[in-house]
Amino acid sequence: MRSRLALFVATLLLLSMLPGAVSAAPARDARAAHRAQVLAYWTPARMRAATPRDFTFDAVRGFGPAAKPGGGTGGTVTGASYTGGGAILKATGRVLFTLGGSDYICSGSVVTETQSVQSIVLTAGHCVVENDGTFATNWLFIPEFDTKPTYTCANTMYGCWVADALYADATFASAGGFNNTAVQHDWAFAVVSAGDRTGAQLDSTVGSFAIQFGGISAGQTLSAFGYPAAGKYRGRDLVYCRGPLGTDANTGGTTWSMACDMTGGSSGGPWVQTGDPTLYAGTILSSLNSYGYSGVKKMYGPKFNTTTQAVFSAADTGNLNGSTVRVVFP
């Protein structure tokens, strides 16, 4: 606040005594400038050229091509276009970001937070940070990408939402590679600001899902969602799998498995439990798409636990803890 009139000097002095009164406006200006910079970075050409952010778990592991989608028997769906609409369509979206000089795509979903002044998107840890602690930049979320799968933010269903901060698991960020330790902690949260076509909170615009830190078991039926963009998929369609949970013997049963042929680009998409598998009303997030094995039609995800809860709490409150690392923009 600036004034050329001596009459306002006293007012300025009083304002300067109020915590945050002087710094609030510059902080908002810096955040707005960062948001504008990220939106300008994501030209249609860059969005179109971004590639799935995937890993081979070791020399032979990774997301591999599979047969055409659809399929499944006995109520199991191994990869089909989701056409049910509703909350799961709105609050699940595409993620774009830059890491190591390359542009990538992943998936994410909106998580119910407690502060009511921000919005939080759940995604995979490897869609936020390297295993050496290097964070992504130009991080963007596009909800309900399926309805208007365009590469121009102004033409998407609800605009593009820019990350103000990224929060990841400290163990994942220091794992040294995408290894057995990393996959057990492959979750992250982005605090996002308003989209480019609305000033509303993302939660009030598209809705959000409660997240559960445990309470599920092998044999329980869940559904996985995402925007796969490798192999037969093109990244423009919300795809889902549905089936009973198993565990991965290669990680000693410390991660979940589900029959699914989604490919790269689906990373970070939610695994949900619900009482209504048609409309996915009352959806609860319980894991996410993390990794797969080449030639194996299964998706694997981390087991959410108290450490996941600690990382979410840090994102929700802005207070760091020993389980969490973060980067704040700008």
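These legends describe close-up views of one predicted protein model.

Residues are numbered from 1 along each chain as its sequence is written. In this predicted model, local features need pLDDT of at least 70, side-chain atom pairs count only at pLDDT 80 or more, totals for chains, interfaces and linings use all residues, and side-chain values use heavy atoms, with hydrogens and water left out.

View 1. Helices (H or I, at least four residues) and strands (E, at least two) are DSSP runs, numbered from the N terminus. Of the 330 residues, 51% are buried. Buried means under 20% relative accessible area; exposed is over 50%, and partly exposed lies in between (1.4 Å probe, protein chains only). Among contacts with a separation of 6 or more, 71% link residues 24 or more positions apart. A contact means heavy atoms within 4.5 Å.

**View 2. Strand β5 (residues 119–123) is largely enclosed by the rest of the structure, because 5 of its 5 residues are buried.** In a regular strand the side chains alternate between the two faces of the sheet. Here S119, V121 and T123 point one way, and I120 and L122 the other way. Strand β4 (residues 102–111) runs antiparallel to β5, joined by 3 bridges. Strand β8 (residues 188–192) is also antiparallel to β5, with 5 bridges. Two strands pair if DSSP finds at least two bridges between them. I120 is the bridge partner of V111, and its partner in β8 is V191.

**View 3. The largest nonpolar core has 77 residues.** Such a core is a set of buried Ala, Val, Leu, Ile, Met, Phe, Trp, Tyr and Cys residues joined through side-chain atoms within 4.5 Å. M47, F97, W139, L140, L166 and F189 have the most contacts inside the core. Strand β7 (residues 161–169) gives the largest share of this core, 7 residues. Apart from it lies another core of 13 residues, including A224, V239, L245 and W256. Leaving aside neighbours within four places in sequence, F189 touches residues including I120, V121 and L122, as well as L166, I211 and F312.

**View 4. Strands β12, β13 and β16 form an open sheet in the order β12-β13-β16.** Pairing is antiparallel. The edge strands, β12 (246–247) and β16 (298–302), each pair on one side only. Between β12 and β13 (residues 255–259) there are 2 bridges. G246 stands opposite S257.

**View 5. The largest pocket is lined by 23 residues.** A pocket is an open set of points on a 1 Å grid over the protein atoms alone, where a 1.4 Å probe fits, with protein on both sides within 12 Å along at least five of seven lines; lining residues have an atom within 4 Å of a point. R31, V117, Q118, D164 and V191 lie nearest the pocket centre. β7 supplies the largest share of the lining, 4 residues. β7, β8, α8 (306–317) and β17 (324–328) each supply at least two.

**View 6. N138 and E144 each have a positive phi although neither is a glycine.** For N138, in strand β6 (residues 137–143), phi is about 55°. N138 is buried, at 15% relative accessible area. E144 sits in the loop between β6 and β7, with phi near 45°. E144 is buried too, at 5%.

**View 7. A cis peptide bond joins F329 and P330.** Its omega is about -5°. P330 lies in the segment after β17.
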